[in-house]
Amino acid sequence: MSHVAGLVLAAGAGRRMGRPKALLGACGASAAQETVRRLHEAGCEQVVLVLGARADDVRATLSPQPWLDVVVATRWQAGLSESLRAGLTALDNSESGPQFDPQIGPQIGPQIGPEITAALITLVDLPDVGVGVYRRVLESVPPSPDALARAGYAGRPGHPVLFGRTWWPMARAGTGEEGARSVLATHPHTVVECSDLATGRDIDDPTEAMENPW
């Protein structure tokens with residue numbers, strides 16, 4: 001049986017924003033909390049949230065969930081690739097069983113690691129990318145180990161991206177801010193048009209955050 005896990009990269013310090021983007025949000029919910037909720041609602045049975053800057057502060061905004069695994073990328077300052085590596089490694093290791101964090105409770109769900117065939121990866125600073133976008137990408141491509149797809153917005157590639165487990169070792173090999181770009185740049189993949197649902201644009205400063213709340 002195939003399972004898709006959600007993976008949220010939220011380790012950055014948000015220097016231009018003045019605080020980590022994971023701490024942004026509205027109506028009492030942080031961007032981190034809202035993003036993991038959307039992924040789970042869209043069909044990701046397990047969600048991994050990768051933190052870095054002010055990790056303890058972000059943890060404090062999260063509601064305890066049996067399907068949520070929170071990990072910290074210890075080398076997050078080295079770039080997005082470190083967050084991606086930490087998240088994919090956590091998914092590979094999730095067969096180790098439930099863990100518990102005294103601040104947010106259960107961190108990981110049942111022993112589903114070996115059954116995860118693909119990861120739906122997104123960023124924490126995409127306020128208008130919602131459940132509809134995640135569902136469309138998930139429903140457009142079978143979640144096989146060879147799956148490779150991403151959302152597109154009027155011809156502009158964006159997030160989320162769907163990585164079958166076959167591609168994880170290659171994705172983990174990236175450095176700096178490369179993330180998984182090299183995989184997508186060198187291998188055929190499906191682009192799922194989502195511009196009717198969202199712009200897919202990230203936010204970089206406080207003004208944008210106020211104009212585009214989660």
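**A walk through the predicted chain**

Of the chain's 214 residues, 55% count as buried, meaning under 20% relative accessible area with a 1.4 Å probe and protein chains only; exposed is over 50%, and partly exposed lies in between. This is a predicted model, in which local features need pLDDT of at least 70, side-chain atom pairs count only at pLDDT 80 or more, and totals for chains, interfaces and linings use all residues. Residues are numbered from 1 along each chain as its sequence is written, and side-chain values use heavy atoms, with hydrogens and water left out.

The chain holds seven helices and 11 strands (DSSP runs numbered from the N terminus: H or I of at least four residues for helices, E of at least two for strands). Take contacts with a separation of 6 or more: 70% of them join residues 24 or more positions apart. A contact means heavy atoms within 4.5 Å.

Now turn to the largest pocket. Its volume is about 1,000 Å³. A pocket here is an open set of points on a 1 Å grid over the protein atoms alone where a 1.4 Å probe fits, with protein on both sides within 12 Å along at least five of seven lines; lining residues have an atom within 4 Å of a point. The lining numbers 37 residues, with Leu-80, Leu-123, Asp-125, Glu-177 and Asp-202 nearest the centre. Strands S1 (3–10), S8 (116–123) and S10 (156–164) each supply at least two lining residues, as do helices H3 (80–92) and H6 (181–186). S10 gives the largest share, five residues. By type, the lining has 17 nonpolar, nine polar and 11 charged residues.

Salt bridges come next. The whole structure has 10 of them, each a side-chain nitrogen of Lys or Arg within 4 Å of a carboxyl oxygen of Asp or Glu. Arg-37 pairs with Glu-34 at 2.6 Å, N to O. Arg-37 also pairs with Glu-41, at 2.4 Å, N to O. Why can Arg-37 and Glu-34 meet? They are three residues apart in helix H1 (residues 31–42), so about one helical turn separates them. Glu-41 and Arg-37 are four residues apart in H1, again about one helical turn. Glu-34 is buried at 15% relative accessibility. Arg-37 is partly exposed at 33%, and Glu-41 is partly exposed at 40%. Together with Arg-38, Glu-34, Arg-37 and Glu-41 are linked in a salt-bridge network.

Arg-172 and Asp-92 form another salt bridge, their closest N and O atoms 2.7 Å apart. This pair links distant parts of the chain: Arg-172 sits in helix H5 (residues 168–172) and Asp-92 in helix H3, 80 residues apart.

Methods. Points joined across faces, edges and corners; volume = space filled by probe spheres on them. Nonpolar A, V, L, I, M, F, W, Y, C, P; charged D, E, K, R; others polar.
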